[in-house]
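This report goes through side-chain pairing, packing and model confidence for one protein. The structure is shown first.

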Amino acid sequence: MNESVRYDRCQQIQLGVLTESQMSAGEEPPPQALGTGNILFTHDGVLLKKASAEHISDLNTSGSLSLVEYTSSELPRRRLYLEWQPNDSIMIADDSQDQGDWALVDRISGRNRTTSECRAFNTKPSEQGNGTPARARIMRVLLDELDAVEVRHRGQTIRFIRKSGGGVHSEFFFQHGNADLFVRSMRDLHFIESSETTRGGEEYAILTTENQKLKKTFAELDIGDIKSSHLPRESWLPNKLAGFLGNIPDYVQPPFQRSPKSRPGTLLSGDRQTSPDNYQIIGLSGSTNSACSSNSQSRGGSADKSPADSELENLNAQDEKIVNNLPDRQRVERGLPLTEAQWLEFKTPDGRITDSDIVKEIVFRGGITHGLRCETWKYLLNYYHWSDTEAERMERRRLKSLEYYNMKAQWLSMTTAQEANFCGYRERKCQIEKDVKRTDRSLQFFAGEDNPNLALLQGILMTYVMYNFDLGYVQGMSDLLAPILENQVDEVDAFWCFVGFMDMVFTNFDMDQAGMKNQFAQLRRLIEFANAPLFNYMRSHDSDNMYFCFRWLLVWYKRELSNEDVLKLWECLWTRLPCPNFHLLFSVAILDQETNVIIESQYEFTEILKHVNELSGHIHVPRTLEIAEAIYLQLKASETLPNDIRLIIGEPLLPPVAGEEPEGAMDEEPTYSDDGFDELVPEPTPEEKQRQQALLEEACERSLFLTYH
């Protein structure tokens, strides 16, 4: 009778330990030298189709493909291996690969292959009569040695590409067409991410260990899970935090041993300490400066000092010396919003807007009155031009409307067969449909099941896919569009305002997250220079990667503020005053106000993450904008401002000293480049445009004729 076997994802296997010196030697470790292995997931019924010469006898043999994590007390970090093990005595059940967490297989009584069968399957006859079972033939490769994963033949074939040389390491055939389940498991655990490819099929890049950590951190801050939640803001945190603690322990434990410390309970907003209004500190020399005033006094009065406390006190003098290089922080006050009467004063009789710089300054200082936002946002987001007359604006809007509806017609006319053969389009469409259903549903504008505004939101996002297919759609874009659509109402106006917004933040949605990583580095540098006590504390607690600010920067604080505060902040940031990276200084200002809480509570990384997320709904936007501008003016007035900081805040660079490489040259943020796109796709001539329009009209007429006749 057949025996049912269950394969669990976390099945443990105990092997010997390989020392770090053996690891660094670059040689293939013996099976007994890897330590304890956890099978993260495994799939059976996988045929080996291509491999190195040593595994040629196993080609076309069915086996199990697994991802195994090996750890031991003597290894500095975990090691992930891709393993395939042949199994001639297991037959895959028809429904085995439909299980999410485990597979059901049938064990049948095994027999040796005949000589003719060995020729057919290109395998060797089994040795008999010696009474000892043959050693399992395991093909094992370190995941870090692989560069990419390719899925081909409608999800039946999966191929692994080497890092060195780019050649094929191995290829497997999934007998039941379920390679997508294996790939999905790798994606869910953040080992791979989608990659652009010009070849057939799908391709995924294998992430490095550091990028795996970053992806997991981003996943813990996934805005999709809380996008339309009607629950209190604390409700999702415990589960999220528990998953975070279990998934990335490397972030929690610092490199040196610390004594246990008591942790404060949930902080009430009323108990949250902030810097005093003048936020100044007395330095060693008696001069005043602007770093969080009460840190040294509160820490110095503690009788029971942990090693972390002692370390902070040792760094205190160094912190204050750094801060003393900064001038006093000025007091900044917000102004009044731009009114309709002021707006009309800036309009000429023919409709032009004069003194646009003064208009931006007023908007930056105080925002815009609600009734004026619909018109003013079009200028701030580069849909309308400040120098356009009324007639030129009308003509611009007519042309933009035509362009919009042409792009909208492209995806509306997509046939079922086209979608079936267009994986990139299909994936983007599916993601948009899911995100639209959970975007700002608590707001009246998007409330209800049959709300037509949801269809508008989806239509604009789909049209943007056709407008910018290289970027397409990434989760979070719907958060940026929703307030614009609510304000503009008209889908054409909302689309082109959204395009202007995306032109400012498109690097946030890079597939390789290079734009976000660059902002983390810039934010880290700003805090290092402007708030040395906080920076040194975070660095000593392995928290200076700034990953906890991910959600802030991705959607420009949309999930942290009320809807009205979001509008006030965005229109301030859209002015690009006083510098293009002012949104980073807003983050610096938030952390500046939380410095005392973080340091005095001795928060670790996960507690900082929890605390930052609990700030949602408790950030005072006008006050934070004042502090952000004060920090900017303080940095700008510094006589010792290095070039890398100057680059971030948009100040002129200092000339390099003779014989030295220009400071900050390597850290300069790359400007947008389209890789010669303008040369590849030049602007068509008027004759070409006319001919193209005629062809389009002819195609539409023929389509209508065939539809109704």
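## Salt bridges

Lys50, Glu150, Arg152, Arg159 and Glu171 are joined in a network of salt bridges (a salt bridge is a side-chain nitrogen of Lys or Arg within 4 Å of a carboxyl oxygen of Asp or Glu). The model is predicted: local features need pLDDT of at least 70, side-chain atom pairs count only at pLDDT 80 or more, and totals for chains, interfaces and linings use all residues. Residues are numbered from 1 along each chain as its sequence is written, and side-chain values use heavy atoms, with hydrogens and water left out.

The salt-bridge count comes to 30.

| Pair | N to O distance |
|---|---|
| Glu375 and Lys347 | 2.9 Å |
| Glu491 and Lys408 | 3.2 Å |
| Glu528 and Arg525 | 3.5 Å |

Glu375 lies in helix 11 and Lys347 in the loop between helix 9 and helix 10, so the pair ties together parts 28 residues apart in sequence. Helices here are DSSP runs of H or I with at least four residues, numbered from the N terminus. Glu375 is partly exposed, with a relative accessible area of 28%, and Lys347 is partly exposed at 27%. Buried means under 20% relative accessible area, exposed over 50%, and partly exposed in between (1.4 Å probe, protein chains only). Glu491 and Lys408 are both buried. Glu528 and Arg525 are 3 residues apart in helix 18 (residues 514-530), about one helical turn.

## Aromatic residues

The whole structure holds 29 aromatic pairs (rings of Phe, Tyr and Trp, the last by its six-membered ring, with centres within 6.5 Å; planes under 30 degrees apart are stacked, over 60 edge-to-face and the rest tilted). The ring centres of Tyr404 and Phe495 are 5.0 Å apart and their planes are at 55 degrees, so this pair is tilted. Tyr404 is in helix 12 (residues 390-412) and Phe495 in helix 17 (residues 491-505), 91 residues apart. Both Tyr404 and Phe495 are buried.

## Helix 10

In helix 10 (residues 356-366), Ser356, Val359, Ile362, Val363 and Phe364 are buried. Just after helix 10, Gly367 has a positive phi of about 85 degrees.

## Confidence

The protein chain has a mean pLDDT of 74, and 64% of its residues reach 70 or more (pLDDT is the predictor's confidence in each residue, from 0 to 100).

Notes. Helices (H or I, at least four residues) and strands (E, at least two) are DSSP runs, numbered from the N terminus.
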